[in-house]
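Keep the picture open while you read.

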Amino acid sequence: MESLSQAQARRVALAAQGFLDTRHVVPTMRTFARTLARTGVLQVDSVNVLQRAHYMPLYSRMGPYDVGLLTRAAEQQPRRMVEYWAHVQAFMPVELWPHLQHRMAEYRARRGKWWGTVTDEAAAGLLAEVAARGPSTARQLDDGAPRAKEHWGWNWSEARKGLDYLFMVGDLAVAGRNSSFEVVYDLPERVLPAAVLAQPTPTPAEAHVELVRRAAASHGVASVRCLADYHRMRTTDAATAVATLVETGELLPVTVQGWRRPAYLHRDARLPRRVAARALLSPFDPVVWLRERTEELFDFHYRIEIYTPAAKRVHGYYVLPFLLGDRIVARVDLKADRKAGVLVVKAAYAEPGAPEDTAPELAAELDVLRGWLGLGDVAVEPRGDLAPALAVLLR
């Protein structure tokens with residue numbers, strides 16, 4: 001059995017995620033497609049303090065790019081990707097749709113993911129209305145009834161609940177989002193390519209193998225726990241799929257220094273001598289999705305503190321790890337003040353053992369990010385040990 005050091009496993013993982021790919025001066029749709037193939041899925045989240053979650057992993061790998069590429073890929077025919085519950089709510093390649101039919105069937109049996117209260121009559125009525133009207137938001141279909149605010153962020157109308165149920169079971173698909181980031185729903189046959197819908201539905205076991213295969217390619221090296229988390233599978237289903245892929249030779253059992261669990265190396269994984277990355281990673285980047293994997297690969301303890309009361313936050317509200325070479329060397333709390341045209345560095349902290357060039361490299365990356373976001377300046381607030389140096393460098 002092959003053995004990898006922690007540093008080797010880290011470089012394998014970063015190569016699999018696209019951090020070896022050459023950055024193009026002007027990223028094209030071909031660049032976009034290559035990057036999506038590396039990450040596999042792009043998590044969607046409504047927080048917009050800096051930039052929407054699904055845009056950031058592409059930026060981290062491609063550099064400054066026209067976000068219209070993502071809109072074209074998701075909303076124009078032939079669509080390259082579509083939203084579904086593929087990690088959590090996420091963009092995924094359209095060809096994954098058949099491989100998630102088993103998940104849609106489970107949600108149908110459970111009456112959805114969240115509510116369980118949508119009646120067949122209500123669902124049928126909403127489906128008929130979307131079929132007749134075309135692409136529709138929940139607000140357009142609301143009956144005007146008051147919303148009960150039972151939970152922060154979840155004061156959904158009955159129409160929104162019904163549409164979400166129809167989306168989770170595959171009777172509706174996401175056609176896009178409007179300027180307010182509201183989901184626009186439509187019939188799958190008006191969203192997805194006909195060739196995708198014509199594909200035979202895999203058995204659950206076949207789908208599990210495909211999902212783990214893609215997760216393994218995106219991870220490079222991973223434990224069963226890592227592979228299950230990538231598409232939010234049951235660990236038992238992922239383990240069975242791993243055994244199949246080991247038998248076919250697509251996955252190779254390996255040991256990784258410091259890992260508590262057995263690991264598996266994708267047969268096509270690259271093991272570079274070095275990775276010359278410089279990137280700010282979104283809290284929703286696949287590199288840091290699974291926190292225990294992040295600790296095992298980078299010795300980096302990371303928790304998102306958006307939902308932590310301000311007084312109890314350790315590093316800040318929207319903190320991005322800073323990847324330099326093959327190590328995470330710093331973390332920075334960022335906010336885009338669009339009204340003032342300023343990228344605000346709320347706090348900046350170096351990690352233990354960070355190299356001497358951490359501050360200038362981070363300053364350079366912040367300036368690139370500022371330009372990509374269309375902001376005119378960077379303002380550094382005096383919080384964190386890196387803040388004084390950044391303030392001087394970005395003055």
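A residue is called buried when its relative accessible area is under 20%, exposed when it is over 50%, and partly exposed in between, using a 1.4 Å probe and protein chains only.

## What you're looking at

This is a predicted model: local features need pLDDT of at least 70, side-chain atom pairs count only at pLDDT 80 or more, and totals for chains, interfaces and linings use all residues. Residues are numbered from 1 along each chain as its sequence is written, and side-chain values use heavy atoms, with hydrogens and water left out.

Helices (H or I, at least four residues) and strands (E, at least two) are DSSP runs, numbered from the N terminus.

Most residues other than glycine have a negative phi, and most peptide bonds are trans. Arg232 has a positive phi of about 55 degrees even though it is not a glycine. You'll find Arg232 in the loop between α11 (224–230) and α12 (235–248). Its relative accessibility is 41%, so Arg232 counts as partly exposed.

Asp299 is another residue other than glycine with a positive phi, near 55 degrees. Asp299 sits in the loop between α13 and β11, and counts as exposed because its relative accessibility is 58%. Then there's the peptide bond from Gln77 to Pro78: it is cis, with omega near -5 degrees. Pro78 lies in the loop between α4 (68–75) and β3 (81–85).

## Helix α10

Now try a quick check on helix α10 (residues 204–219). The expected span of a helix is 1.5 Å times one less than its number of residues. With 16 residues, α10 should span 22 Å, and its end C-alpha atoms are 22 Å apart, so the two agree.

Among the buried residues of α10 are Ala207, His208, Val209 and His219.

Two strands pair if DSSP finds at least two bridges between them. Five strands make an open sheet in the order β10-β11-β12-β13-β14, with mixed pairing. At the edges are β10 (277–280) and β14 (377–380), each pairing on one side only.

β10 and β11 (residues 319–325) run antiparallel, paired over four bridges. As part of that, Leu280 has Phe322 in β11 as its bridge partner.

## Cavities and a pocket

Rolling a probe the size of a water molecule over the atoms shows where empty space is left. On a 1 Å grid over the protein atoms alone, a cavity is a set of points where a 1.4 Å probe fits but cannot get out; a pocket is an open set with protein on both sides within 12 Å along at least five of seven lines; and lining residues have an atom within 4 Å of a point. Grid points are joined across faces, edges and corners, and a volume is the space filled by probe spheres set on the points.

As for the second largest pocket, its volume is about 220 Å³. Two elements, α2 (29–39) and α10, each give two or more residues to its lining, and α2 gives the most, with five.
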